[in-house]
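Me: Could you take a close look at one part of this model for me, the place where the two chains meet? Walk me through it in one go, please.

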Amino acid sequence: MNTRDDDYDYLFKVVLIGDSGVGKSNLLARFTRNEFNLESKSTIGVEFATRSIQVDGKTIKAQIWDTAGQERYRAITAAYYRGAVGALLVYDIAKHLTYENVERWLRELRDHADQNIVIMLVGNKSDLRHLRAVLTEEARGFAERNGLSFIETSALDSTNVDTAFQNILTEIYRIVSQKQIRDPPEGDTIRPQNVEPIDVKPTMNTDSVRKQCCQ
Amino acid sequence: MDGLYNPENDKTSFWKKNSKAIPGRPSPKKDIKSGTRSKLTGSTSFQEFQASVSDAWAVDDDEFCIISGVDNTHISKKVSESAALNVLNNHRTSSDQSMNIQTTNKGNENVRSNRIPGRPQQLRNTNNQDEDCESKLERFESLLGGTPTIAELCKLSWSGIPVKVRATTWRLLSGYLPVNQERRQGMLERKRQDYWNLVKQYYDTERDEAYQDTYHQIHIDVPRMNPSIPLFQQSLVQQMFERILFIWAIRHPASGYVQGINDLVTPFFVVFLQEAISDNQPFELFMVELLSKEQRDIIEADSFWCLSKFLDGIQDNYVFAQLGIQRKVNQLKELIQRVDNTLHRHLTHHNVDYLQFSFRWLNNLLTRELPLRCTIRLWDTYLAENDSFALFQLYVCAAFLLQWRKKLLGETDFQGLMLLLQNLPTQNWTGSDVGLLVAEAYHLKVMFADAPNHLQNNQGDR
């Protein structure tokens, strides 16, 4: 199967969500191709890219889905939350409204994504210091209260972009590998009764991981 | 699959409207298989055949028949159909054949004349293209000078419209400009004034709180529309786009502004701009401030009205949950499964979901997949499809996917497939490639749109 530079131990599906214009596509372009476009085209529907990183000597392949920010698209983009084990919820540090909408995005994830999804709050455009509208500490506090990890990035000057992806992928990896020690593969997960179970537990078996993540 | 195929749609389709008894086209009403040669030859002259399928060929190609020249040449439906298919196939495989510029063809577009049996193959962009254009231009000018019917205009436009008459033809095809010469000027003046009244009423005044989200979305989308083309970086141009989109959005509350509609203004804007600037000046670098305000206002108002008319036919693409698109994605899947099951199985085997790549194709009508110059040529055909564009769009996407069949089959995993599908190498596409694409789409439509069972056959299998 793997005819490309494509051997990996884990395949994790991660989604990029957040308001329109906060820089999701540029975060993806910076992380996967080390590119940045000041005026990149708006994303229509979803776009896909991938990159592999090393954690503890293991190759982790991140399959990243970039989604359109406009509310109208949510009916379409919500389909892509399925099977995602991580989400970068992005806002623009210079636009307070995009930060206020973070709660709506969290609800969106709760409604459509797996309950165990790892979420990282990302304040992008940290290079716009003079225009800052969202205080770092305020966002950090919000993240802590909601059990999210938090980081500020700049896709423009590359600050923290790799770190953000590295952190969330490592966090997912830790959870998955600990789970494998703790639970047998068929181990039950406790779920609230009103949540429809979605089978997204990654395992060491790359084949099954691939199937789950590509859906 | 509900709503998968609705034969009702076909009743209003362009092709059916034009079709009477059409040899060379599988007709649900006539059983071709049972038709014997003698039966067919008795009823079908070659001239009839030629007249009936002329919508599939460039209008100038009819000299093909003059060459053959013999009245009452009889030809069977089967023969004519297979000949047409052969020509299409030949073209695909022989684009690199040596050329022989015999200017016997005054065809409008090389790609089309290439399909004529017995005629030397030509390379693209040969120097008799000008001549081709001239011939076609004359036909357009004589048609536009009178009171053309929309059907005549569609027929002539389908295979591409010369730049010089494109703006007027698009206005007519959109249904914005009346065909009747005497009514044209008055109507234009009135509609343009209407547009500016709308701007005054909704845009220039304090904007309603309810529209703030719409305005905001348009405002952040317009500057990033065509980052590589300087024309679109000018604030005057961006303001024009913002007004067009905002007024359109508030006049269409069922859909409102949806990201991507901004790209659909572009072809209209460029064509009306080209009309206003002197010949051969590249629009990409043009500074719109060089135009008078009056000229700019005309470009803006006409873009608005033509966009509105055009989108009227595909509004369900942009309503809540984008149901029109979701339905077409399913239809596309069914169609590919039927036409090219190998490709379909390859995609599904690697877990590629049609929604993942074809959503953008359908939402943006391929504007994101093609260079702008090709988009404009594609729009000639889109507009010439008139009322049946909503259906034709599906076949264009199918033809577009099939175009990359070989490359796609060469990809061996999900990642490779998705990356290819998102970045199809169309940078060097020309009008000829678009001509071939729509010809293939037409072919698919003839084969499948008029034969609903073709699509339904496989439904039970899954």
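Reply: Across the interface of chain B and chain A there is one salt bridge, a term for a side-chain nitrogen of Lys or Arg within 4 Å of a carboxyl oxygen of Asp or Glu. Arg360(B) and Glu47(A) make that bridge, with their closest N and O atoms 3.0 Å apart. Keep in mind that this is a predicted model, where local features need pLDDT of at least 70 and side-chain atom pairs count only at pLDDT 80 or more, while totals for chains, interfaces and linings use all residues. Residues are numbered from 1 along each chain as its sequence is written, chains are lettered from A and ligands numbered from 1 in the order in which they are written, and side-chain values use heavy atoms, with hydrogens and water left out.

Now for polar contacts (N or O atoms within 3.5 Å; within protein, one must be able to donate a hydrogen and the other to accept it, and residues adjacent in sequence count only if both atoms are side-chain atoms). Between chain B and chain A, 14 residue pairs are in polar contact, both residues at pLDDT 80 or more. On the chain B side, α12 (212–221), α18 (354–363) and α22 each bring at least two residues that touch chain A; helices here are DSSP runs of H or I, at least four residues, numbered from the N terminus. The largest share of that side, six residues, comes from α22(B).

Stepping back to the whole contact (heavy atoms within 4.5 Å), chain B puts in 36 residues and chain A 31 residues. The two chains bury about 3100 Å² between them, with 53% of it on carbon and sulfur atoms. Buried area here is the accessible area (1.4 Å probe) that two parts lose on being put together, summed over both. Within chain B, Arg224(B), Gln259(B) and Arg368(B) lose the most area to chain A, and together they account for 20% of what that side buries.

While you have the model open, here are two spots where a charge sits over a ring, meaning NZ of Lys or CZ of Arg within 6 Å of the ring centre and within 35 degrees of the ring normal. In chain A, Arg74(A) lies over the face of Trp105(A), 3.8 Å from the ring centre. In chain B, the charged end of Lys191(B) sits over the ring of Trp305(B), 3.9 Å from its centre.
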